[in-house]
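The entries follow the order in which I searched.

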Amino acid sequence: MPELPDLQVFSKNLMKRIAHRKIVSADVFSVSRLNVDGETVRTKLLGTEITDIVRNGKELYFQLENSAVFSVHLMLSGRFHICAQGEISGIPYKILSIGFDEEALVLSDFQGMCKVTFKPAATNAPDALGETFTMAYLQNAVRRNHRKNIKAFLIDQSIVKGIGNAYADEILWKANLSPKSTAGKIPEDRLAALYTAISDVLKDAIANIERISPDIISGEERSFLRVHNSRKKYTDEGDRILVEKIAAKTTYYTERQQLFL
């Protein structure tokens, strides 16, 4: 599933490709994945332009010239495609296509889980790289969820938006905290290390994705990950990487990471 760093790069690259181009066609292929019908989609899209594409947690928000907004949550296997108008029919598992002159943006998902929401509702949880995600917020969130497993805490989108399974592992490894730890048992100084690791890991990942796959608009670039990497048996420091189900997720970690229970 694309997480915050992937989507941040997607938003930038999609802006370069499709922003400020007049929308000349809009077709819905799977109405069950949208919260409005096909005619409403066409009414909102035709004749306008996409003026901005911003990431919000694990979603991309498409802002239109006519002030309408729709969000896309790619879920596990949703993908963006940019293709010639004549190639739309050849893309399998289509959900939505938006045409601009000779090209089109197509959204697909072979699992049929991807969601498109017009006028998405606001949520109170801060974004992991947002200004409102402060150390004070993290401390208060831990107090409210003191019995929660720290891995489950990090991937809970109602607490902080944008962090998924892979980057939770990377963050905990960077902060030297075991994913089996209990949130409320983590000392204040280690909580501060966790807060710093969240920003450092996510920003570093964005930079790595842009370096390795500068034009990416779909999929996941994970080759640079330090611990959540199925191709690695040991970290660069020589620690064996353990793989275990924690918080109902396949989790990668090392014995060196400190456990607080």
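The notes below begin with the ground rules and then go residue by residue.

Entry 1, ground rules. I am working on a predicted model, in which local features need pLDDT of at least 70 and side-chain atom pairs count only at pLDDT 80 or more, while totals for chains, interfaces and linings use all residues. Residues are numbered from 1 along each chain as its sequence is written, and side-chain values use heavy atoms, with hydrogens and water left out.

I placed Asn13 in helix 1, residues 4-18 (helices are DSSP runs of H or I of at least four residues, strands are runs of E of at least two, both numbered from the N terminus). Asn13 counts as buried because its relative accessibility is 4% (buried means under 20% relative accessible area, exposed over 50%, and partly exposed in between, with a 1.4 Å probe and protein chains only). Leaving aside neighbours within four places in sequence, I found Asn13 in contact with Pro214, Asp215, Ile216 and Ile217, where contact means heavy atoms within 4.5 Å. For Ile216, I noted that its backbone oxygen lies 2.8 Å from a polar atom of the Asn13 side chain.

How many salt bridges does a search of the whole structure find? I noted 16, a salt bridge being a side-chain nitrogen of Lys or Arg within 4 Å of a carboxyl oxygen of Asp or Glu.

The side chains of Glu103 and Arg17 form a salt bridge at 3.5 Å, N to O. Because Glu103 lies in strand 7 (residues 103-109) and Arg17 in helix 1, the pair ties together parts that are 86 residues apart in sequence. Glu103 counts as partly exposed at 26% relative accessibility, and Arg17 likewise counts as partly exposed, at 38%.

I recorded a salt bridge between the side chains of Glu49 and Lys22 at 3.8 Å, N to O. This pair links distant parts of the chain, 27 residues apart, with Glu49 in the loop between helix 2 (38-45) and strand 2 (50-56) and Lys22 in the loop between helix 1 and strand 1 (25-28). Glu49 is buried, with a relative accessible area of 16%, whereas Lys22 is partly exposed at 38%.

The side chains of Asp236 and Lys232 meet in a salt bridge at 3.2 Å, N to O. Asp236 is exposed, with a relative accessible area of 57%, but Lys232 counts as buried at 19% relative accessibility.

How values were computed: Polar contact = N/O pair within 3.5 Å; in protein donor to acceptor, adjacent residues only side chain to side chain.
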